[in-house]
Amino acid sequence: MEKIDPNELPITAWLPTTAKEAKKRGWDELDVVLITGDAYVDHPAFGAAVMGRIFESLGLKVAIIAQPNWRDDLRDFKKFGKPKYFFGVTSGNMDSMVNKYTAGKRLRSNDAYTPGGSPDFRPDYATTVYTQILKQLYPDTPVIIGGIEASLRRVTHYDFWEDRLMPNILSTSGADLLIYGMGEQPIRDVVKYLTRGTPFSSLTTIPQTAFLQPASAELPKNKQWDTFELTSHEECLADKKAYSKNFMHVEVESNKQFAKRLIQRVDDKILVINPPYQTMTEKEIDASFDLPYTRLPHPKYKDRGQIAAFEMIKFSINTHRGCFGGCSFCTISAHQGKMIANRSKKSIMKELDHVVKMPDFKGYISDIGGPSANMYGMKGIDQDTCDKCAAPSCIFPQICKNLDTNPQKMTELYKEISAHKSVKKAFVSSGLRYDLMFDPRSTHPKEDERYVEQLITHHVSGRLKVAPEHTEDEVLKLMRKPSFEFFHKFKQRFEEVSRKKGIKQEIIPYFISSHPGCTPEDMAKLAAKTKALGYKLEQVQDFTPTPMTVATEIYYSGYHPYTLKPVKTAISLDDKTKQRTFFFWYKPENKNFIKNYLSKAKMFDTMKDLFG
């Protein structure tokens with residue numbers, strides 16, 4: 001199959017990043033200018049590229065300003081001048097604070113979304129900084145903010161890095177409109193109305209958007225929406241329990257198919273959050289992935305080093321969006337939604353044909369997956385039941401009877417991708433929910449077994465990473481994760497199939513320390529149980545509070561949002577270090593601390609398990 005030579009592609013194959021590139025397209029003025037904290041990679045995994053290609057498909061003239069310099073005379077922000085319709089702003093594919101800082105609040109040494117990995121190319125709170133600059137330079141031009149930073153900070157939220165409650169990001173940034181979640185559906189409607197001549201200020205009833213209005217103004221009329229008023233920002237500041245309860249309402253409405261409009265008073269204004277769109281149809285999500293991406297970084301980066309985030313996914317295939325796991329520490333369902341939006345097999349195979357033509361493709365697909373790889377093709381059996389459901393998870397505390405978990409479509413897809421003449425191996429590297437594979441109430445055990453055998457035999461690149469996150473039931477319940485017994489079952493089956501097929505491969509489990517509700521005693525038990533399985537853990541993670549998760553609300557408030565019962569949490573650096581130390585029980589320098597702790601806690605059996 002003939003390879004793509006990026007050196008032969010004209011510069012107009014990418015969206016313009018300079019006025020000179022815009023002129024090559026014959027454009028003297030632009031309709032929309034996008035600003036992103038990431039380098040510009042023209043690939044469907046990068047939000048700015050997706051939005052840019054959608055605008056292009058709708059006939060708009062669009063350009064991208066990637067990683068503008070916010071410290072100098074602001075020439076990057078001025079290079080295209082004022083667009084006809086609006087500026088679009090995103091911090092990039094990650095919240096800028098998560099991107100820049102560790103769980104210990106130390107500056108990271110690398111930024112995976114910057115050429116060469118320099119951590120110096122985006123500001124803290126990038127969405128707010130970029131928007132404030134635009135409002136200073138072009139006060140009359142509307143600014144729409146989106147992406148994960150804007151999405152997860154759309155309401156009063158706890159910020160770990162400043163250790164305080166912050167108001168919604170519209171209030172801090174000065175933006176005119178916020179799009180939350182995956183933005184394809186709302187942005188198409190925004191463009192439709194603006195190009196018909198609707199004033200920007202009238203865009204108040206588009207789903208999945210948020211805006212501020214004077215407290216004295218009447219709410220925009222929409223007969224289909226009920227409205228629920230959240231506790232005001234000022235009350236949240238004064239009462240942690242009220243703030244915690246607020247989050248429950250936000251999460252519940254985010255997970256509904258037919259949600260309420262949410263409003264919240266902040267200072268002398270009202271924040272209005274319109275309910276989300278329905279889950280994207282196959283046709284809608286295909287339309288997004290089938291746009292004419294080059295799938296390559298912009299040529300201007302060729303001498304600046306690799307973009308690690310691109311290198312990681314350039315030979316991968318995203319099959320779906322959304323996650324019905326609802327894990328307490330995870331933001332995926334809050335941003336992408338609970339229901340699964342599936343691509344068609346035709347669209348996936350079309351992308352595969354493009355991937356295998358890439359210049360340095362050697363026959364290996366690095367990942368066939370999504371937020372949770374093995375949710376492709378899964379949906380409610382009776383959609384009316386799903387439409388009435390507000391549960392944050394479809395598989396916790398047990399798998400919903402109305403959820404069709406048959407993995408047959410995935411097995412068939414894996415086989416078809418593997419059979420492609422240019423593919424030697426296609427791996428599954430995204431997270432897996434092994435509880436879906438071993439559901440005791442499954443009505444399709446043969447299909448479950450076929451999927452497990454296909455996965456283990458053909459799609460593991462030597463080491464399969466899975467995330468039990470913990471071993472103890474009480475912690476797992478707070479995490480909304482399945483019993484550790486499911487990991488035992490998966491590990492046993494993994495080793496049986498590998499042995500039968502004569503394949504040398506292993507499972508690498510990931511765990512979290514200092515999650516709300518987790519104690520040093522829980523970590524000691526985790527250490528003993530993982531040792532018994534033959535593990536000396538190396539890759540571990542401290543819990544990092546990120547906006548819009550149940551675990552973060554517990555961390556800040558001390559209360560569970562759904563029960564309002566107190567939950568103890570490791571807050572201090574000393575408490576977090578204690579918990580983390582148990583991961584490394586096998587290091588000589590940790591032995592005395594662990595022995596002394598277990599002795600005081602009278603956990604002599606655990607001490608014996610660890611040290612004999």
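Residues are numbered from 1 along each chain as its sequence is written, and side-chain values use heavy atoms, with hydrogens and water left out. Because the model is predicted, local features need pLDDT of at least 70 and side-chain atom pairs count only at pLDDT 80 or more, whereas totals for chains, interfaces and linings use all residues.

Reader: Which helix gives the most to the lining of the largest cavity?
Author: A cavity is a set of points, on a 1 Å grid over the protein atoms alone, where a 1.4 Å probe fits but cannot get out, and its lining residues have an atom within 4 Å of a point. The largest cavity holds about 330 Å³ of space, and of the 24 residues that line it, the closest to its centre are Q208, P276, Y277, Q336 and G337. With helices taken as DSSP runs (H or I, at least four residues) numbered from the N terminus, the element that gives the most, with four residues, is helix α13 (residues 332–336).

Reader: How many charged residues are in the lining of the largest cavity?
Author: Asp, Glu, Lys and Arg count as charged, while Ala, Val, Leu, Ile, Met, Phe, Trp, Tyr, Cys and Pro count as nonpolar and the others, Gly among them, as polar. By these classes the lining has eight nonpolar and 12 polar residues, and the charged ones number four.

Reader: How many residues apart in sequence are the parts that the pair of Y243 and Y556 ties together?
Author: Rings of Phe, Tyr and Trp (its six-membered ring) pair if their centres lie within 6.5 Å, and planes under 30 degrees apart count as stacked, over 60 as edge-to-face and the rest as tilted. Y243 and Y556 form an edge-to-face pair, with 5.5 Å centre to centre and 85 degrees between the planes. Because Y243 lies in helix α10 (residues 240–254) and Y556 in helix α21 (residues 550–557), the pair ties together parts whose separation in sequence is 313 residues.

Reader: Is Y243 buried or exposed?
Author: Buried means under 20% relative accessible area, exposed over 50% and partly exposed in between (1.4 Å probe, protein chains only). Y243 belongs to one aromatic cluster with Y158, F160, W161, F543, Y555 and Y556. Its relative accessible area is 2%, so Y243 is buried.

Reader: Over which ring does the charged end of R154 sit?
Author: A charge sits over a ring if NZ of Lys or CZ of Arg is within 6 Å of the ring centre and within 35 degrees of the ring normal. At 4.1 Å from the ring centre, the charged end of R154 sits over the ring of Y180.

Reader: Which residues does S288 contact, leaving aside its neighbours within four places in sequence?
Author: S288 has its place in helix α11 (residues 282–289), and at 2% relative accessibility it counts as buried. Contact means heavy atoms within 4.5 Å, and the residues in contact with S288, beyond those neighbours, are V50, E184, Y293 and R321.

Reader: What is the C-alpha to C-alpha distance between S96 and A126?
Author: S96 is in helix α4 (residues 96–100) and is buried, with a relative accessible area of 0%. Not counting residues up to four places away in sequence, S96 touches S91, R122, P123, D124, Y125, A126 and E149. Although S96 and A126 are 30 residues apart in sequence, their C-alpha atoms are separated in space by 6.0 Å.

Definitions and conventions. 1 Å grid on protein atoms, 1.4 Å probe; cavity = no way out; pocket = protein on both sides within 12 Å on 5 of 7 lines; lining within 4 Å. Points joined across faces, edges and corners; volume = space filled by probe spheres on them. Helix = DSSP H or I, 4+ residues; strand = E, 2+ residues; numbered from the N terminus.
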